[in-house]
Amino acid sequence: MKNTWSLRNIILLTLISIICGIIFFATGFLYNAVSLALTPYGLAPLANDLLLGLWVMAAPLAGFIFKRPGAPFLAEVIGAIVEMFLGGQWGVETIIVGIEQGIATELGFAATKYKHFDWLGVFATTISTTVITFIYDWFKSGYNAYAIHMLIILFIVRFISIFIFGGVLSKLIANMLEKSHVIK
């Protein structure tokens, strides 16, 4: 693992972050629709957890592609900045959440000592991101006011979303990019 970044890698990381930032922005609209649909059933908080995997994709994707410390954090923060500048509904808080999500994913890779960019890495980043983002929402989004059964549902749904989008999908995209020789 080289410690320097080539211009090609910087450009690729930036492009990935911009594309993910656009996905993050679009997910905001999807969040509003899902939240609206779930509100009559008292399940509006599930909207965030159902879609969180889409909002954290940049970090694991960059981790699986670049396989070096800092890449997940940078990708997630740049993606969050792009979302904010596109007019994301959460404004500057988007950057704070991007920092939190980037750190959460970095901790998953750090737990494997940046040596497992395989399915163990997927699982480690899914766990770290699920736990840390859930703790954040415990304080920020008032999850501490929910009944225990709702908290269990939210946690499981969040884990599945992050596993599917932030884990499996990100890993498969990275694998396809490697096979196509876009990344060396």
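What is the volume of the largest cavity? The largest cavity has about 30 Å³. This is a predicted model, in which local features need pLDDT of at least 70, side-chain atom pairs count only at pLDDT 80 or more, and totals for chains, interfaces and linings use all residues. Residues are numbered from 1 along each chain as its sequence is written, and side-chain values use heavy atoms, with hydrogens and water left out.

Rolling a probe the size of a water molecule over the atoms shows where empty space is left. Here the search runs on a 1 Å grid over the protein atoms alone. A cavity is a set of points where a 1.4 Å probe fits but cannot get out. A pocket is an open set with protein on both sides within 12 Å along at least five of seven lines. Lining residues have an atom within 4 Å of a point. Grid points are joined across faces, edges and corners, and a volume is the space filled by probe spheres set on the points.

By this rule there is 1 cavity of 30 Å³ or more. Its lining consists of V56, P60, T105, T125, T126, T129, I162, G166 and G167. Helices here are DSSP runs (H or I, at least four residues), numbered from the N terminus. By class, the cavity lining has 3 nonpolar, 6 polar and no charged residues. Ala, Val, Leu, Ile, Met, Phe, Trp, Tyr, Cys and Pro count as nonpolar, Asp, Glu, Lys and Arg as charged, and the others, Gly among them, as polar.

Now the largest pocket. Its space comes to about 440 Å³. The lining has 26 residues, and N48, W55, W90, D137 and K140 lie nearest the centre. α1, α2, α4, α5 and α6 each supply at least two lining residues. The largest share, 6 residues, comes from α5. By class, the pocket lining splits into 12 nonpolar, 7 polar and 7 charged residues.

Next, helix α2 (residues 46-55). Of its 10 residues, 9 are buried, so α2 is largely enclosed by the rest of the structure. Buried means under 20% relative accessible area, exposed over 50%, and partly exposed in between (1.4 Å probe, protein chains only). The buried residues are L46, A47, N48, D49, L51, L52, G53, L54 and W55. They pack against α1 (7-38), α4, α5, α6 and α7.

S35 sits in helix α1. S35 is buried, at 15% relative accessibility. Residues up to four places away in sequence aside, S35 touches A44 and A47.

E76 belongs to helix α4 (residues 71-85). E76 is buried at 1% relative accessibility. Beyond neighbours within four places in sequence, E76 is in contact (heavy atoms within 4.5 Å) with F24, W55, V56, M57, A58, A59, G98, Q101 and G102. From E76 to C20 the sequence separation is 56 residues, while the C-alpha to C-alpha distance is 8.3 Å.

Two helix pairs deserve a look. Axes are lines fitted to C-alpha atoms, over the stretch in contact for helices, and angles run from 0 to 180 degrees between N-to-C directions. Helix α5 (residues 93-111) packs with α6 at about 145°, with axes 7 Å apart. The contact joins E93, I96, V97, E100, Q101, A104, T105, L107, G108 and F109 of α5 to A124, T125, S128, T129, I132, T133, Y136 and K140 of α6. Those residues divide into 8 nonpolar, 7 polar and 3 charged.

Helix α3 (residues 58-66) meets α7 at about 35°, with axes 8 Å apart. On the α3 side are P60, L61, F64 and I65, and on the α7 side G166, G167, S170, K171, I173, A174, L177 and E178. The contact holds 7 nonpolar, 3 polar and 2 charged residues.

Most residues other than glycine have a negative phi. K67, in the loop between α3 and α4, has a positive phi near 50°. K67 is partly exposed, at 28% relative accessibility. K113 lies in the loop between α5 and α6. Its phi is also positive, about 60°, although K113 is not a glycine. K113 is exposed, with a relative accessible area of 62%.
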